[in-house]
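User: I have a model open and would like to go through it with you. Could you take my questions as they come?

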Amino acid sequence: MSALTPQSDMPTPTTDKITQAAMETIYLCKFRVSMDGEWLCLRELDDISLTPDPEPTHEDPNYLMANERMNLMNMAKLSIKGLIESALNLGRTLDSDYAPLQQFFVVMEHCLKHGLKAKKTFLGQNKSFWGPLELVEKLVPEAAEITASVKDLPGLKTPVGRGRAWLRLALMQKKLSEYMKALINRKDLLSEFYEPNALMMEEEGAIIAGLLVGLNVIDANFCMKGEDLDSQVGVIDFSMYLKDGNSTKGSEGDGQITAILDQKNYVEELNRHLSATVNNLQAKVDALEKSNTKLTEELAVANNRIITLQEEMERVKEESSYILESSRKVTKDRSADGQALTEARKQLKEETQLRLDVEKELEAQIGMRQEMELAMKMLEKDVCEKQDALVALRQQLDDLRALKHELSFKLQSSDMGVKQKSELNSRLEEKTNQMAATIKQLEQSEKDLVKQAKTLNSAANKLIQKHH
């Protein structure tokens, strides 16, 4: 920082202002940040001097602010490009310890702080970019969830910490580009927080918001509860990007990566648009179903009303004819009282007006009935389509019944086989029982024969004994 601070014996107000501005950011006056391929080049501006000059050329605030905006835009380009390339090469979800991601948030913080109006408080002047970020929830309702989450975090005590937490949550939600575009498009609201020549009020802010679209390909996950966002010091590490001004350009693979990223962003936006379209169509279908039901009910009410009006019209016609007959009789009868004739004419006029009113209302009801009939035709068409679907379902039901009948026939056939086997089994049991009875008879016969043999034997023995 000493290289950027002028050395003078007697400080002047102009010198103090320039020195203070140079100490706030290291890219204000002495150097210009430029892009050389994919690296950062710091080129010294010989025509810039920090010492007071009777006829200053480049100490004009507009020139210095334009230089700062250009430097911040180039730093944002390098930071976003390096973050995307390193994240794709890493191939995993990024966390808060990832160095390129930390540098990206530091650069974004400097971009949001550029040109902020100082607000006077009890502790002095305060510059915080949390105020503009709070406006996003009014412009994009989806951002209200992020703002509420930031306000509910217990460890955040300063507006700077809340702003840093908001940036991280928006990146996790992959909506940072959308939120920044919505904010930059409302310069009438930003004018309350930023100077007219601040980065967020100029074209560079819109360019940076467009570059943030590429970050939608990055998956990040942060744990806010254990991280001290209030006391972090946002210092840009130029060593990650510095290179000699005569370095070679980036390889041809950068163009391919950019094309792939653009295609992925387009596909994501297309999917988001299709999802929104599907939701809208579903809502329209639900609304049409409700309106069809409502139209059916209104049609029934209108039909009843038309019938009632027709009955009233017939009654009015009868009353009018009766009044006309009465008036004719009154006209013919010269002896009738003139007051009664006047009243009859007045009543006739009222009845005629009532009849006209009823006819107008009847015409209106007939028009409404025609509209209802048209709606009913549309409903009948829908019913026909559903009936066709019902016929198809009935055909399927008939097929299932035929299959069931076939299965029943097979089941009956199997039952017949079981019955035949049962009869055969009963016959076999009868034959078995008969054979068992025969065997018992044979055994009994054998026993009788044995007894007879024993008897004959004993008789033979007796005869032998007698013979001896």
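This is a predicted model: local features need pLDDT of at least 70, side-chain atom pairs count only at pLDDT 80 or more; totals for chains, interfaces and linings use all residues.

User: How many of the residues count as buried, as a percentage?
Analyst: The protein chain has 468 residues, and 30% of them count as buried.

User: And what is the secondary structure made of?
Analyst: The protein chain comes to 12 helices and four strands.

User: What does the pLDDT average over the chain?
Analyst: The average for the protein chain is 78, and 77% of the residues score at least 70.

User: Where is confidence lowest, and where is it highest?
Analyst: The lowest mean, 41, belongs to helix 1 (residues 13–24), whereas helix 8 (residues 176–184) has the highest, at 91. The pLDDT is below 50 over residues 1–58, a stretch for which the model has 112 contacts beyond near neighbours in sequence. Residues 244–250 also stay under 50, and the model gives them 12 contacts beyond four places in sequence.

User: Back to helix 8, then. Is it largely enclosed or largely open?
Analyst: Helix 8 is largely enclosed by the rest of the structure, because seven of its nine residues are buried.

User: Which residues of helix 8 are the buried ones?
Analyst: They are Leu176, Ser177, Tyr179, Met180, Ala182, Leu183 and Ile184.

User: Changing topic: how many salt bridges are there?
Analyst: The count comes to 13 salt bridges, taking a Lys or Arg side-chain nitrogen within 4 Å of a carboxyl oxygen of Asp or Glu. One of them joins the side chains of Arg164 and Glu109, with an N to O distance of 2.8 Å.

User: Where do those two partners sit in the chain?
Analyst: Arg164 is in helix 7 (residues 159–172) and Glu109 is in helix 3 (residues 99–113). They are 55 residues apart, and the pair links distant parts of the chain.

User: Are Arg164 and Glu109 buried or exposed?
Analyst: Both Arg164 and Glu109 are buried.

User: What about Asp219? Which residue does its side chain meet?
Analyst: The side chain of Asp219 forms a salt bridge with that of Lys174, at 2.8 Å from N to O.

User: How accessible are Asp219 and Lys174?
Analyst: Asp219 has 41% relative accessibility and therefore counts as partly exposed. Lys174 is partly exposed as well, with a relative accessible area of 24%.

User: How does accessibility look for Asp382 and Lys386?
Analyst: Asp382 is partly exposed, with a relative accessible area of 30%, while Lys386 counts as exposed at 55%.

User: One more topic: Ser291. Where is it, and what does its side chain reach?
Analyst: Ser291 is in helix 11 (residues 253–332). Its side chain reaches the backbone oxygen of Leu288 at 2.7 Å. Ser291 has a relative accessibility of 27%, so it counts as partly exposed. Its C-alpha atom is separated by 10.0 Å from that of Ala375, 84 residues apart along the chain.

User: And Gly155? Where is that one?
Analyst: Gly155 is in the loop between helix 6 (144–152) and helix 7, and it counts as partly exposed at 46% relative accessibility. The C-alpha atoms of Gly155 and Leu229 are separated by 8.4 Å, with the two residues 74 apart along the chain.

Conventions:
Residues are numbered from 1 along each chain as its sequence is written. Side-chain values use heavy atoms; hydrogens and water are left out. Helices (H or I, at least four residues) and strands (E, at least two) are DSSP runs, numbered from the N terminus. Buried means under 20% relative accessible area, exposed over 50%, partly exposed in between (1.4 Å probe, protein chains only). A polar contact is a pair of N or O atoms within 3.5 Å; within protein, one must be able to donate a hydrogen and the other to accept it, and residues adjacent in sequence count only if both atoms are side-chain atoms. pLDDT is the predictor's confidence in each residue, from 0 to 100. Contact means heavy atoms within 4.5 Å.
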